Amino acid sequence: QVEVVESGGGLVQPGESLRLSCTTSASISSVDMMSWYRRGPGGERNLVARISYGGTATYSDSVTGRFTISRDNAENTVYLQMNSLKPEDTAVYYCNVDVYERRILRNYWGQGAQVTVSS
């Protein structure tokens, strides 16, 4: 069974930074797109950023210029560097990984990491 584990969440003040990490147990050669989502008080899980195997990154408008997604394919790890954090960034952040299992592309979620931005 493929596992996805996030780490690096915590409590910070506005303007500070955090870096989230996510590692998957999937075979290195099988991992495709890696993404970060978040679920805020509204309850909906929204895309924050995603990065292709080749390193092409996409961001939501709310985090563009402040967050940076990156990945280390050899370690099956994706990162989310979060700078200039705002209270509106408070949410549970989820890692999502696309994994090829034989010819089928499947999607796996981590359990989430709490990020709280408060003064």
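This is a predicted model: local features need pLDDT of at least 70, side-chain atom pairs count only at pLDDT 80 or more; totals for chains, interfaces and linings use all residues.

**A charge over two rings**

Select Arg-45 and Tyr-94 to begin: the charged end of Arg-45 sits over the ring of Tyr-94, at 5.0 Å from the ring centre. A charge is said to sit over a ring if NZ of Lys or CZ of Arg is within 6 Å of the ring centre and within 35 degrees of the ring normal.

Residues are numbered from 1 along each chain as its sequence is written, and side-chain values use heavy atoms, with hydrogens and water left out.

**The aromatic cluster**

Which residues form one aromatic cluster? Select Tyr-37, Tyr-94 and Trp-109, which form it. The structure holds 2 aromatic pairs (ring centres of Phe, Tyr or Trp, the latter by its six-membered ring, within 6.5 Å; planes under 30 degrees apart are stacked, over 60 edge-to-face, the rest tilted).

Display Tyr-37 with Trp-109: this pair is edge-to-face, with 4.9 Å centre to centre and 65° between the planes. Tyr-37 lies in strand β4 (residues 31-39) and Trp-109 in strand β10 (residues 104-109), so distant parts of the chain, 72 residues apart, are linked (strands are DSSP runs of E, at least two residues, numbered from the N terminus).

Next, display Tyr-94 with Trp-109, an edge-to-face pair at 6.5 Å centre to centre and 85° between the planes. Tyr-94 belongs to strand β9 and Trp-109 to strand β10, so this pair ties together parts 15 residues apart in sequence.

Colour by accessibility: Tyr-94 is buried, at 12% relative accessible area, whereas Trp-109 is partly exposed at 34%. Buried means under 20% relative accessible area, exposed over 50%, and partly exposed in between (1.4 Å probe, protein chains only).

**The disulfide**

Finally, select Cys-22 and Cys-95, which are joined by a disulfide with an S to S distance of 2.0 Å (a pair of cysteine sulfur atoms within 2.5 Å). Cys-22 is in strand β3 (residues 18-24) and Cys-95 in strand β9 (residues 91-101), 73 residues apart. Is Cys-22 buried or exposed? Cys-22 is buried, as is Cys-95. The torsion about their S-S bond is about -85°, so the disulfide is left-handed.

Terms used
Helices (H or I, at least four residues) and strands (E, at least two) are DSSP runs, numbered from the N terminus.
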